[in-house]
Amino acid sequence: MAAIHQAVYRRASSLFCRLHSTYVRKMRYLNELKEDNSLCRQAQTSGTFYLFHNLAPLLQQVGQKYLVPHLSAAEMKRILEKFKETEQWIEKSVLIGCSDEHIPRFALDLGALEKSVIESELKGSFTDLRKALFVVDEKDSPLLASAHSLLQWHDSHQYCSKTGQPTQKNVAGSRRVCHASGITYYPQMSPVVIILVSDGSRCLLARQPSFPQGMYTALSGFCDMGESVEETVQREVAEEVGLEVESLWYSASQHWPFPSSCLMIACHALVKAQQAEINMNSLELEAARWFGLEEIVEGLKRPPSSSKQDDGSILPWFPPKQAIARQLICEWVKQQTS
């Protein structure tokens, strides 16, 4: 009977594999891990771990490259034993994805342990996330951003907002529950529009005082409660540079972990060339100006390190390729040149 059952199961599994893509199987596996604590706990013994220290990810420099080490469960156990900590620490991790081969990926913050000892043991360094996102491989950037946001959310939602009682995360970290009230809390993202404004032949870029010297980027702002994306775009452009949007269209979206977990909704906006005089809001911006095609093309070639001139002046430069603002700028260049 058992043999018959196994044969039926193998045929069903084979049929499932033929009917569903790698992506579908991976997404269903991740969903199972989020819903089944026992299965997720078991997955932690075969998964890999991205390490953080007070939300700064661990990187290893190899030549000119920065790599994100993926530690096995055995390596994690060895590190924890060095600090005389138990394997229960691993339950503080959060699930951030899995490979096509169904190897789960977790993130774990070791902020309570001595940073220098971990760095020495693993021959790496915990690096500010803003820098890390722009130096690691493109496939690792989204995982680091997701891990940072999820770890930060758990750190700031340890108590129920209604009862004040402690909340408890499930093993995967996909939710927290207050057992006193029965309320379940889920991680959330704040919608933010990022807008490249054009008058047809020029595009408008701006900078805030907190930006690195010389960096200009597209306008952006949080969606207010009850606003549509279109209304937010129109309001932000009016507030920040005093222009009225005539038309707009959606480009793409990107998760961005700053200041907390945000969903960047990228749009292009067109204003009338006859009404394109900038009236900048100096409370929000340090500078805002129009850029022509030639200046944009030159700026895209210019890395931050080469923007400072011999006379001390700073040439404008734009966000790196991982940022969705650069995608908007490149799309605008393509529109102009086509």
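This is a predicted model: local features need pLDDT of at least 70, side-chain atom pairs count only at pLDDT 80 or more; totals for chains, interfaces and linings use all residues.
User: What size of box do the C-alpha atoms fill, and what percentage of the residues count as buried?

Analyst: Taken along the principal axes, the C-alpha atoms fill a box of roughly 80 × 45 × 45 Å, and 43% of the 338 residues of the chain count as buried. Among contacts with a separation of 6 or more, 63% are between residues 24 or more positions apart.

User: Which domains is the chain divided into?

Analyst: The division gives domain 1, covering 22-157, and domain 2, covering 190-337. The centres of domain 1 and domain 2, taken over C-alpha atoms, are separated by 33 Å, and the contact takes 12 residues from domain 1 and 11 residues from domain 2.

User: What is Leu205 in contact with, leaving aside its neighbours within four places in sequence?

Analyst: With those neighbours left aside, Leu205 is in contact with Leu196, Tyr216, Thr217, Ala218, Ala288, Arg289, Phe291, Ile296, Phe318 and Ile329.

User: Moving on to pockets, what is the volume of the largest one?

Analyst: Its volume is about 880 Å³. Of the 32 residues lining it, Arg130, Phe211, Met215, Thr217 and Trp256 are the closest to its centre. Several elements give two or more residues to that lining, including helix H6 (129-135), strand S12 (203-207) and helix H10 (324-337), while strand S13 provides the largest share, with four residues.

User: How does that lining divide by class, and which domains does it draw on?

Analyst: The lining of the largest pocket has 22 nonpolar, six polar and four charged residues, and at least three residues come from each of domain 1 and domain 2.

User: And what about the second largest pocket, how many residues line it?

Analyst: It is lined by 33 residues, with Pro142, Ala145, Ser146, Ser149 and His255 lying nearest its centre, and it has a volume of about 750 Å³. Helix H7 gives the most to this lining, with nine residues. The lining of the second largest pocket divides into 14 nonpolar, 16 polar and three charged residues, and here too domain 1 and domain 2 each contribute at least three.

User: Since H7 came up, is His154 buried or exposed?

Analyst: His154, which has its place in helix H7, counts as buried because its relative accessibility is 8%, and the cut-off for buried is under 20%. Not counting residues up to four places away in sequence, His154 touches Val94, Lys169, Gly173, Arg175 and Arg176.

User: Where is Ile278, and what does it contact beyond four places in sequence?

Analyst: Ile278 is in the loop between S15 and strand S16 (287-291). Once neighbours within four places in sequence are left aside, Ile278 is in contact with Leu204, Val241, Ala288, Arg289 and Trp290. With a relative accessible area of 23%, Ile278 is partly exposed.

User: Last topic, the backbone: which residues does a cis peptide bond join?

Analyst: Phe258 and Pro259 are joined by a cis peptide bond, with omega at about -10°, and Pro259 has its place in the loop between S14 and S15. For background, most residues other than glycine have a negative phi, and most peptide bonds are trans.

User: Which loops hold Lys84 and Lys123?

Analyst: Lys84 lies in the loop between helix H4 (73-82) and S5, and although Lys84 is not a glycine, it has a positive phi of about 60°. Lys84 is exposed, with a relative accessible area of 76%. Lys123 is in the loop between helix H5 (115-122) and strand S7 (125-126), has a positive phi of about 55° without being a glycine, and counts as exposed at 69% relative accessibility.

Key:
Residues are numbered from 1 along each chain as its sequence is written. Side-chain values use heavy atoms; hydrogens and water are left out. On a 1 Å grid over the protein atoms alone, a cavity is a set of points where a 1.4 Å probe fits but cannot get out, and a pocket is an open set with protein on both sides within 12 Å along at least five of seven lines; lining residues have an atom within 4 Å of a point. Grid points are joined across faces, edges and corners, and a volume is the space filled by probe spheres set on the points. Ala, Val, Leu, Ile, Met, Phe, Trp, Tyr, Cys and Pro count as nonpolar, Asp, Glu, Lys and Arg as charged, and the others, Gly among them, as polar. Domain bounds come from an automatic or database domain assignment. Contact means heavy atoms within 4.5 Å. Buried means under 20% relative accessible area, exposed over 50%, partly exposed in between (1.4 Å probe, protein chains only).
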